[in-house]
Amino acid sequence: MILLIVPFLWVDGMTLWPFVLVRRRHPSAFLLNHERIHLRQQLELGLVVFYVWYFMEYLYRRYQFKNHYLAYRNISFEREAFANDRNMAYLSKRRWYSFWRYV
Ligand SMILES: [Zn+2]
């Protein structure tokens with residue numbers, strides 16, 4: 001993981017494999033774990049497939065929930081990351097393509 005501090009970032013963190021962009025100089029361990037989960041997802045699918053899928057699922061969820069935040073939180077990649085970002089051992093035990101369980 002290559003950590004970049006981007007003070008003007010519009011979100012707390014963003015992952016563009018192999019980079020993790022964060023807004024604050026000292027990001028929480030939970031945020032870094034969350035972004036590491038996205039790094040693993042991006043490694044599995046490739047960056048282009050990951051972001052095309054992410055965006056298409058966002059549009060679907062946006063239609064489903066009629067709300068930006070609910071759409072974002074229900075993207076399968078985010079569901080896996082939010083469900084496990086407080087478990088620091090998660091990535092060491094995670095099976096490949098585990099995001100499928102959150103689709
Ligand atoms: Zn996320």
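A residue is classed as buried if 20 or more other C-beta atoms lie within 10 Å of its own, as exposed if 12 or fewer do, and as partly exposed in between. In this predicted model, Pro27 has 17 C-beta neighbours inside 10 Å and therefore counts as partly exposed. Pro27 lies in the loop between β3 and α1. Apart from residues up to four places away in sequence, Pro27 touches Gly13, Val22 and Leu32. Glu80 is 53 residues from Pro27 in sequence, and the two are 20 Å apart in space, C-alpha to C-alpha.

Two further prolines belong to the β-strand part of the chain. Pro7 is placed in the loop between β1 (2-5) and β2. The count for Pro7 is 8 other C-beta atoms within 10 Å, so the residue is exposed. Pro7 and Val22 are 15 residues apart along the chain, and 7.6 Å separates their C-alpha atoms. Val22 is also one of the residues touched by Pro27. Pro18 is located in the loop between β2 (13-16) and β3 (19-22). The peptide bond leading from Trp17 into Pro18 is cis, and its omega is near 5°.

The packing of the helices was examined next. Two packed helices are described by the angle between their axes and the distance between the axes. For helix α1 (residues 29-45) and helix α2 (residues 47-65), the axes come within 6 Å and the crossing angle is roughly 110°. This angle makes α1 roughly perpendicular to α2, since the range for that class is 65 to 115 degrees. The crossing of α1 and α2 is right-handed. On the α1 side the contact involves Gln41, Gln42 and Leu45, which meet Leu47, Val49, Phe50 and Trp53 of α2. Sorted by class, the contact of α1 with α2 contains five nonpolar and two polar residues, and no charged ones.

Helix α1 also packs with helix α4 (residues 76-84), at an angle of about 140° and with the axes 9 Å apart. At this angle α1 is oblique to α4, because only angles over 145 degrees count as roughly antiparallel. The crossing of α1 with α4 is right-handed. The contact is formed by His34, Ile37, His38 and Gln41 from α1, together with Phe77, Glu80, Ala81 and Asn84 from α4. By class, this contact of α1 with α4 has three nonpolar residues, four polar residues and one charged residue. Gln41 of α1 takes part in the contact with α2 and in the contact with α4.

The largest nonpolar core has five residues in all, namely Ile37, Ile75, Phe77, Ala81 and Phe99. Among them, Ile37, Phe77 and Ala81 belong to the contact of α1 with α4. With neighbours within four places in sequence left aside, the residues in contact with Ala81 are His34, Ile37 and His38.

Leu59 is in helix α2. Leu59 counts as exposed because 10 C-beta neighbours lie inside 10 Å. Between Leu59 and Asn74 there are 15 residues of sequence separation and 11 Å in space, C-alpha to C-alpha. The phi of Lys66 is near 55°, a positive value in a residue other than glycine. With 9 other C-beta atoms within 10 Å, Lys66 is exposed.

A positive phi is also found at Tyr97, where the value is about 60° although the residue is not a glycine. Tyr97 belongs to the segment after α5. Asp85 and Trp96 are 11 residues apart along the chain, with 17 Å between their C-alpha atoms.

How values were computed: Residues are numbered from 1 along each chain as its sequence is written. This is a predicted model: local features need pLDDT of at least 70, side-chain atom pairs count only at pLDDT 80 or more; totals for chains, interfaces and linings use all residues. Axes are lines fitted to C-alpha atoms, for helices over the stretch in contact, and angles run from 0 to 180 degrees between N-to-C directions. Helices (H or I, at least four residues) and strands (E, at least two) are DSSP runs, numbered from the N terminus. Angles under 35 degrees count as roughly parallel, over 145 as roughly antiparallel, 65 to 115 as roughly perpendicular and the rest as oblique. A crossing is left-handed if the near helix is turned anticlockwise from the far one by less than a right angle, and right-handed if clockwise. Two residues are in contact if their C-beta atoms, placed from the backbone, lie within 7 Å. Ala, Val, Leu, Ile, Met, Phe, Trp, Tyr, Cys and Pro count as nonpolar, Asp, Glu, Lys and Arg as charged, and the others, Gly among them, as polar. A nonpolar core is a set of buried Ala, Val, Leu, Ile, Met, Phe, Trp, Tyr and Cys residues joined through C-beta atoms within 7 Å.
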